[in-house]
Structure formats: structure tokens, C-alpha cells
Amino acid sequence: MFFLKIYGFRERHRFYREEAEKLDRKRRAYLRYLDEVDDAIHARRLDGGGSHLIGVATCAFTIDKDGSFRDIFLVKTSGTAELDTSALRAVRAASAVVRRPDIIGTEPIHVSLQVKYQYSL
């Protein structure tokens, strides 16, 4: 009887450890994906010109299972219409550019992101 209890404990311990490792891999992939989305947006922020812009616009959007963005809108204005327009354009241009990893699933991801315009960024 004692042996069975220890064996059960070890099996449960191994199961929980494996589940924790799987969740950690998923968490790291999720965060890496969001960093890549951020990089893709920031790489496109000057595509329409605007190298003279300085400020921050906060945009929100939803990432679908195919990596495309929808429901893109401005959460907080930079105070400059040109910068706000450029930030929204950068988000739209980055839609579906970054491949969404299978490990993070297919549920929509709701994102709020600061698009920064400043020298030496």
C-alpha cells in the first residue's frame, strides 16, 4: 500500500512538471510572438513618410488565428493627427506579416500597443 502511494505521487509529480513545462513553452512562444508583432509594426511606422514625427500613439487591435489584425483603432492619441494616422497605417501594414505559432492556439488575441516615434528608436 505504501509503495502505491509513493508511485502515485511520483506519477502525479511528473505529470504536473510536464504540464508546467508545456505551459512555459506556450507562454514563451506567446511573448515572442507579441514581440515580433511589435517589431513588425514599428518597422512599418515610417513607410508613409513622417520621419520628423515625435510622440506616442496607443493602438488596439485583435489578432485572429491566421495572424491578421481586425478591429484596429486608436486608444490614446499622440496629439498629432499625422502621427496617429501613421501609427494606424503601420498596424494595418503589419497585419498577417508575422506567422502565428500553432502552440499559442487559435483564440483571438486582444492587443494594446504603443507605437513610438522618436529619434534613435
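**Salt bridges, core and contacts**

Guide: Start with Asp24 and Arg28: they sit four residues apart in helix H1 (residues 2-43), so about one helical turn separates them. Keep in mind that this is a predicted model.

Visitor: How far apart are the closest N and O atoms of Asp24 and Arg28?

Guide: They are 3.1 Å apart, and the pair forms a salt bridge. In general, side chains of opposite charge can pair when their charged atoms come close.

Visitor: Which residues are linked with Asp24 in a network of salt bridges?

Guide: Arg27 and Arg28.

Visitor: How many salt bridges turn up in the whole structure?

Guide: Six. One of them joins Arg70 and Asp64, at 2.7 Å from N to O. Arg70 is partly exposed, with a relative accessible area of 33%. Another links Asp102 and Arg99, at 3.5 Å.

Visitor: Asp102, buried or exposed?

Guide: Asp102 counts as exposed, at 65% relative accessibility. Its partner Arg99 is exposed as well, at 58%.

Visitor: OK, new topic. What is the size of the largest nonpolar core, in residues?

Guide: It has 24 residues. Those with the most contacts inside it are Val37, Ile41, Phe61, Ile63, Phe69 and Val115. H1, E1, H2 and strand E3 (109-117) are the elements that give two or more residues to this core.

Visitor: Which element gives the largest share?

Guide: H2, with six residues. As a general point, nonpolar side chains tend to be buried together in soluble globular proteins.

Visitor: What does Ile41 touch?

Guide: Setting aside neighbours within four places in sequence, Ile41 contacts Phe61, Phe69, Ala90, Val91, Ala94, Leu113 and Val115.

Visitor: Back to H2. Where does it run, and what is its span?

Guide: H2 covers residues 81-94, which is 14 residues. From first C-alpha to last it reaches 20 Å, close to the 20 Å expected at 1.5 Å a residue.

Visitor: Which H2 residues are buried?

Guide: Leu83, Asp84, Ser86, Ala87, Leu88, Ala90, Val91 and Ala94. Just after H2, Ala96 takes a positive phi of about 65 degrees.

Visitor: Let's do the strands. Where is Thr62?

Guide: Thr62 lies in strand E1 (residues 55-63). Thr62 is buried, at 5% relative accessible area, under the 20% cut-off.

Visitor: What does the Thr62 side chain make a polar contact with?

Guide: The side chain of His110, at 3.0 Å.

Visitor: And which residues does Thr62 touch overall?

Guide: Leaving out residues up to four places away in sequence, Thr62 touches Ser68, Phe69, Arg70, Asp71, Pro108, Ile109 and His110.

Visitor: Last one, Phe73. Where is it placed?

Guide: Phe73 is in strand E2 (residues 69-76). Phe73 counts as partly exposed, at 44% relative accessibility.

Visitor: Which residues does Phe73 touch?

Guide: Thr58, Cys59, Ala60 and Leu88, not counting residues up to four places away in sequence. Leu88 is one of the buried residues of H2.

Visitor: How many residues lie between Phe73 and Ile41 in sequence terms, and what about space?

Guide: They are 32 residues apart in sequence. In space, Phe73 and Ile41 are 14 Å apart, C-alpha to C-alpha.

Notes
Residues numbered from 1 in each chain as written. Predicted model: local features only at pLDDT ≥ 70, side-chain atom pairs only at ≥ 80, totals over all residues. Heavy atoms only, no water. Salt bridge = Lys/Arg side-chain N within 4 Å of Asp/Glu carboxyl O. Buried < 20%, exposed > 50% of the residue type's maximum accessible area, 1.4 Å probe, protein only. Polar contact = N/O pair within 3.5 Å; in protein donor to acceptor, adjacent residues only side chain to side chain. Contact = heavy atoms within 4.5 Å. Expected span 1.5 Å × (residues − 1). Core = buried A, V, L, I, M, F, W, Y, C linked by side-chain atoms within 4.5 Å.
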